[in-house]
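This briefing concerns side-chain pairing and helix packing. Please keep the sequence and the model at hand while reading.

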Amino acid sequence: MCEEKMNKPKMTTDKGVPSNSRVLMLLGQLEKLNGESMLADPEITRQITAKILHLIQTQEKTRKDIMSKGSSGMEVILATLENTRDLQTILNILYILNELLTVGGGRRIGVFVSKGGTGILLQLVLSASKESPPSEEVMLQLHSVLAKVGPKDRKFGVKARLNGALNVTVNLLKQNLQNHKLLLPCLLVLRVYSSNSVNAVSLGKNGVVELMLKIIGPYSKKNTSLLKVSLDTLGALLKSKTNARRAVVHVPVLLYIYQDWHRNDTCHRHVLIRKGVLGCLKNITNSKLGRKAFIDADGMRILYNTSTECLPVRTLDPLINTSSLIMRKCFPKNRLPLPTIKSVFHHQLLHVPAGGPVAQLYNQPPGGVPIYQFYTKPPWVDDVVDDSDDNEDAEAENDTENEEEEKNNHAGNDDIETDINKLRPKETHSRPFEELKIYERFFMELSEDFQVFNFDNPKRGVTATPAAPKSHRPIIVPTSQALPPKHPTAATLQGECPHPAPVPRLDLDTINITKDQDGCCDHTHTRPHPGAGLEQEQELVQGLERVSLDGAGPQGGGGGGGGGVNRHNRQPPLLAGGVAARPGGGGQEMLAEEWAEEEGGEGAVLEVPDTALLLPLHDPDLYVEMVKSTRSVPQYSEVAYPDYFGHVAPTFREHILERVYGVQRTKIFQDIERLIHPNDILDKVVYDLDIQSCPVVDDGESLKFNSQFESGNLRKAVQVRKFEYDLVLNSDINSNHYHQWFYFEVSGMRVGAPYRFNIINCEKSNSQFNYGMQVLMYSVQEAISGRPRWIRTGTDICYYKNHFSRSSIAAGGQKGKSYYTMTFSMIFNHKDDVCYFAYHYPYTYSTLKMHLQKLEALRTPQIYMRQDVLCETLGGNSCPLLTITAMPESTSNDQICLFRNRPLVFLSARVHPGETNASWVMKGTLEFLMGSSPLAQSLREAYIFKIVPMLNPDGVVNGNHRCSLSGEDLNRQWQSPSPELHPTIYHTKSLLQYLAAIQRVPLVFCDYHGHSRKKNVFMYGCSLKETVWETNISATSCELHEDLGYRTLPKILSQMAPAFSMASCSFVVERSKEATARVVVWREIGVQRSYTMESTLCGCDQGKYKGLQIGTRELEEMGAQFCVALLRLKRLTSPLELRKRAHLLDVESDLMETRCKVSSNPSTYVLEDEEHTFMEEVDYSAESGDEADNDPDTADPHDNHLSDSESNNHRDSLT
Ligand SMILES: [Zn+2]
């Protein structure tokens, strides 16, 4: 009776379906029979189903009738199948289903699945298996239908497991290995079963891995579809780690099979089979054992050779890419070629907090590393190769050139602040006013007595310039461990050059390159000896005659005479003696044979280009002066030429590079060749700060490197091949990581040779170097030819995960990972050149001091400008604080009152030393503020500017990427900065706290940063509401009142600054950012408009600069536009303007629109304000995983819920 209840589908014959349709009539009869199944004669059902089958086979229309919408034909058929026990009827229906589901695609199968067809079939599999012997024909037909249905039914694998059908199919396979007709549909079904991770484990235990290997064999033209399906199945099974381990012994066989197919499949008809074999190898090598087996079986050489042979055929790319992935994974992990991962330079802190990073770094007990690491490493080594299986990043099958794979990057919402109390302003001022009162002296403009102010002399009433408080401190020739004086006679700066040459400003010093006749190098950064040889003198003259400055015209000042060339004063741009002491010599020498070839070749003399007109804030002599008071931990005594000469932004456009197909692959293959052809590798250390006497290789066969100057960062250079170098960056001082920023010098190059440079210890998992960004290069030869500038350069640039292991210690406690390689190629145009490479346009602390001094000279009687020293840094550098506003118009009380009541704007920059672009933006802001334009004057009249242009001078000086000398990221210390460890942050925050205490909270706070992963310039702000919206904390909290004013400034910027992109802005408060300047100033100080402004390191993908890499011109323009935007903001926020409600409302509604647009587009929400999470369309890193995180082995195979992952797509890009 219950059957009656269950199966009572009504045959629908109305609504347009012709009632005379024969098949519908038959189905109607069938339906009737179902209702009385107990009594029905099986013969009748048999006949009816046979008739239906006949109709279906002969009349296409019949199928449509059954499957048409509104028809319950499928239900009737399934009900019959479920009820009948008659073999022939079952077969008839299976034939019918096979016919019906073969065409019509997904819709018909969808109907079938939705009517419960899968379950009925699987039940039938089970009952059929109980017949002895089972009907082969039934099994064949059943599996044929299941093979069609399986891939379209998301729960197929789970249903099969719960039904107990898995083993039926497996046993069937085992018993019919020679029966190819039955084998194929069973394998097709098994392939679907295997894609479920729990099934895979269970099938593996049942011997299916071995079963598949029995089917898979060497090249044969027969049964290729069987082979293909078996390989897919095996590939799916091997995603389980237990299965992969079980299959390790088969690695040699699989490699043999792969080679066999590679050799014989000459027409490439069976690429899918070849790819299938690789897919299996790929999964086996996910385990350490698998990788070992692969190496032992000579897998590297086999895949390398086969791939190389595949290279000319583009259609074989999937094979090459998968091979490459396997080889990269199996490439034995190496330690970086360093004795320690600690920074080379150590700065002794007066106060080392026990729990801080420095204590952790330097007090690491030898046994403090996990046991499994400990026994693999010698006791003096603090870094280890950490290749336990746990560290496996799931490797993506993305052939890394494939953009589609990485398209869907979901910015997780985990980081958004959900604690509403943390989003509300924190009103309590933890510090007593008495304590803050000392900061009054930084706000003299608020108390200054202008009655006695002499308006004709703007210098009066202004504190003394603290720009170079120790400007005459003698510079000592380096004595640090890493830099022993090579020439002990080299004197201090004071001794060598007590006073800068008293030449007029435009008479710039020359730097010469001289050479002994015997080819022996003379480190001629020092002055030539008075008695320099006559021949040498002649050569110099010849050289000088070739030097000309283009475009700049005759030099002003007349001091040098002789066409703007000063032949006499050859003072180097170095603090005297320093260069002589410099190991490696900086490469100002020539190779002997080259010298002989070319008498007095070009570039014999370096002439400082005249840039006074183009760079009003730059002055080489002043720069050297500034350097003298800059304190670095390594006690640098050299000056890099680019900082000395200055940078004149080129007028030509520098386009974002198009990606060239296959670059990364080529680079990776070259890396793999190191293993395949170890004899080709030189492994010659040419620069090494870790060795006391940094080796100088000067055999003419190697480039010379140097980075021992301000902001320089290069730790080691290893010549790998004739024209290829591995470069290792130094970690931030008192740290063991944060490598990304680089700035170094290269010389001794050969013209026209294709050099390849690999920076091998990068840390970020992706970089704009993968998206068209180039490195920056400065050529001294170009500079003296009148083109003193950094240019974007380098070809074949890419950034990818390499085979150098990064231990958990070096990853800041995170799981061990790999380092990344940034590689670029370069052909040098000039011989005897000295070239510099940098991550981004360098901007040193000394440059800042020079700029500030020059800016101060721009002061007019209308400008109030003051420079204070906010504090000293840990390294003994002073942190400048600027105050800029307009002088009061008169000394009348009204004017003074207006003056004092101007709203404050607080700006800061360069808390992160590697983000030099922030300094260039700041330079633009400062230059605008000190400018003579009416706009600038209005701006000064509108606000009082408080500016800390460099929050982390020590980091900048010492070439750090991220941290200060405390080894910490200063932009994570704003919540409770320590006066001892984070003085610049502590005092900057105190200034803001002081302002809050005297009720003068700034209108705007903005901290300038650089962004390494995104394009354009954009802002992060803080909005309670937008944060709440992102997290859906609760509907009621949305009623919180919030002024929309925080959106005004970015909105204005997006309208006027071409590089600025509103779409990239975000106003969400993240947990990971709660200690940043932006969030703390917003929440604790109560500045509603508190921002981080991020400038791209790469370029723009919108606006006027779309497709161009960003340069200093654009960055400075951005800084100026920021000022103009503040002026517009002033108009919108001033009480006068507030009366014009209509106008304001327009603007506000405009802002509202943007907000809706922004918050509805998830891609505009970005978690991190300085860094990543934001992956763009391409990913060269081969890291993001396609494998489920949960290890199927640990999943309970008996779980009865239907939630385990089913992935029926076989990830076969070729299918
Ligand atoms: Zn930053």
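Lys 228 is buried, because its relative accessibility of 11% falls under the 20% cut-off. The model is a predicted one, and the side chain of Lys 228 forms a salt bridge with that of Asp 232, with an N to O distance of 2.6 Å. In total, the structure contains 39 salt bridges.

- Helix α15, spanning residues 224-237, carries both Lys 228 and Asp 232.
- The two residues are 4 positions apart, which is about one turn of the helix.
- Asp 232 has a relative accessible area of 12% and is therefore buried.

**A salt bridge between two loops**

- Arg 715 and Asp 690 are joined through their side chains in a salt bridge of 2.8 Å, N to O.
- Arg 715 belongs to the loop between β4 (704-706) and β5 (716-721), while Asp 690 belongs to the loop between β3 (684-688) and β4, so the pair ties together parts that are 25 residues apart in sequence.

**A salt bridge between two helices**

- The side chains of Glu 1116 and Lys 923 meet at 3.2 Å, N to O, in a salt bridge.
- Since Glu 1116 sits in helix α42 (residues 1112-1133) and Lys 923 in helix α35 (residues 916-929), this pair ties together parts that are 193 residues apart in sequence.
- Glu 1116 and Lys 923 are both buried.

**A salt-bridge network**

- Salt bridges link Asp 671, Arg 674, Arg 721, Glu 724, Asp 726 and Arg 756 into a network.

**Packing of α38 and α41**

- The axes of helix α38 (residues 983-997) and helix α41 (residues 1077-1085) come within 11 Å and cross at roughly 25 degrees.
- Because angles under 35 degrees count as roughly parallel, α38 is roughly parallel to α41.
- The crossing of α38 past α41 is right-handed.
- On the α38 side, the contact is made by Lys 989, Leu 992, Gln 993 and Ala 996, and on the α41 side by Val 1080, Val 1081, Glu 1084 and Ile 1085.
- Sorted by class, the contact of α38 with α41 comprises 5 nonpolar, 1 polar and 2 charged residues.

Methods: Residues are numbered from 1 along each chain as its sequence is written. This is a predicted model: local features need pLDDT of at least 70, side-chain atom pairs count only at pLDDT 80 or more; totals for chains, interfaces and linings use all residues. Side-chain values use heavy atoms; hydrogens and water are left out. A salt bridge is a side-chain nitrogen of Lys or Arg within 4 Å of a carboxyl oxygen of Asp or Glu. Buried means under 20% relative accessible area, exposed over 50%, partly exposed in between (1.4 Å probe, protein chains only). Axes are lines fitted to C-alpha atoms, for helices over the stretch in contact, and angles run from 0 to 180 degrees between N-to-C directions. Angles under 35 degrees count as roughly parallel, over 145 as roughly antiparallel, 65 to 115 as roughly perpendicular and the rest as oblique. A crossing is left-handed if the near helix is turned anticlockwise from the far one by less than a right angle, and right-handed if clockwise. Contact means heavy atoms within 4.5 Å. Ala, Val, Leu, Ile, Met, Phe, Trp, Tyr, Cys and Pro count as nonpolar, Asp, Glu, Lys and Arg as charged, and the others, Gly among them, as polar.
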